[in-house]
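I opened my notebook today to look at a single protein chain.

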Amino acid sequence: MTQQQTLFSAPQTATGNDDWFTPKWIFDMLDLTFDLDVASPPDGVPWIPARRYYTMEDDGLSQPWEGLIWMNPPFSKLTPWADRFLEHGNGIALTPFGRSKWLDRMWNSSATMINLPSDIKFQKPDGGWYPMSFGAVLWAMGDQAQTALTNLGKTR
């Protein structure tokens with residue numbers, strides 16, 4: 001087991017999967033419409049303002065990413081998603097914050113980052129709410145995404 005798996009697999013394993021839906025208030029405050037949600041649960045999440053989405057069955061990592069993307073990837077296998085986000089360079093990503101090589105690459109990139117509140121809760125597919133036991137951040141790349149994230153940071 002790698003360091004990343006040790007740090008980030010327990011919360012998802014404890015509840016059975018990687019489906020932790022981003023709270024609606026984040027999208028309300030960002031005030032963006034995304035061209036693509038690259039790591040969506042089946043049937044998407046109704047409050048994510050994305051024109052299209054890829055599910056696990058679509059394998060978002062192997063599909064083309066176009067335009068402004070939203071990414072809340074599976075935290076249990078985050079490295080390839082973070083690398084692809086950096087390569088694409090246009091969108092917003094929600095990730096955990098903890099020691100890892102992928103985080104070093106994000107930190108040293110041109111991405112803008114803000115911390116999410118320590119009491120953030122994510123909605124599960126069953127409608128329940130689950131707090132994270134570790135920090136979470138939003139990363140932005142590209143002019144439109146970075147402006148939205150900067151404005152979000154000013155309102156917090």
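**Entry 1: a helix and its buried side**

I started with helix α3, residues 79-88, and found Trp81, Ala82, Arg84 and Phe85 buried there. Buried means under 20% relative accessible area, exposed means over 50%, and partly exposed is in between (1.4 Å probe, protein chains only). Helices are DSSP runs of H or I with at least four residues, strands are runs of E with at least two, and both are numbered from the N terminus. I then looked down the axis of α3: its buried residues fall within an arc of 165°, so they line one face of the helix. That arc is taken from the directions from the helix axis to the C-beta atoms.

What covers these buried residues? I noted that the cover includes β3 (69-71), β4 (91-96), α4 (101-107) and β8 (136-141). After α3 comes Gly89, and its phi is positive, near 75°.

A note to myself on method: this is a predicted model, where local features need pLDDT of at least 70, side-chain atom pairs count only at pLDDT 80 or more, and totals for chains, interfaces and linings use all residues. Residues are numbered from 1 along each chain as its sequence is written, and side-chain values use heavy atoms, with hydrogens and water left out.

**Entry 2: strand β4**

Next I checked β4, where six of six residues are buried. Both of its faces are covered: Gly91, Ala93 and Thr95 are buried on one side, and Ile92, Leu94 and Pro96 on the other.

Which strands pair with β4? I found β3 and β4 paired in the parallel sense over three bridges, while β4 and β8 run antiparallel and are joined by six bridges. Two strands count as paired if DSSP finds at least two bridges between them. Ile92 of β4 is the bridge partner of Trp70, and Ile92 also stands opposite Ala140 in β8.

**Entry 3: salt bridges**

How many salt bridges did I find? The count comes to three, where a salt bridge is a side-chain nitrogen of Lys or Arg within 4 Å of a carboxyl oxygen of Asp or Glu.

- Lys24 and Asp28 meet at 2.9 Å, N to O. They are four residues apart in helix α2 (residues 24-30), which means about one helical turn separates them. Lys24 is partly exposed at 43% relative accessibility, and Asp28 is partly exposed at 47%.
- Arg51 and Asp35 meet at 2.7 Å, N to O. Arg51 is in strand β2 (residues 50-53) and Asp35 in strand β1 (residues 34-37), so the pair ties together parts 16 residues apart in sequence. Arg51 is exposed at 58%, whereas Asp35 is partly exposed at 28%.
- Asp83 and Arg105 meet at 2.9 Å, N to O. Asp83 belongs to helix α3 and Arg105 to helix α4, so this pair ties together parts 22 residues apart in sequence. Asp83 is partly exposed at 30%, and Arg105 is partly exposed at 36%.

**Entry 4: the whole chain**

Last, I stepped back and counted five helices and eight strands. Along the sequence they follow the pattern α-α-β-β-β-α-β-α-β-β-β-β-α. Of the chain's 156 residues, 46% count as buried.

Notes: Contact means heavy atoms within 4.5 Å.
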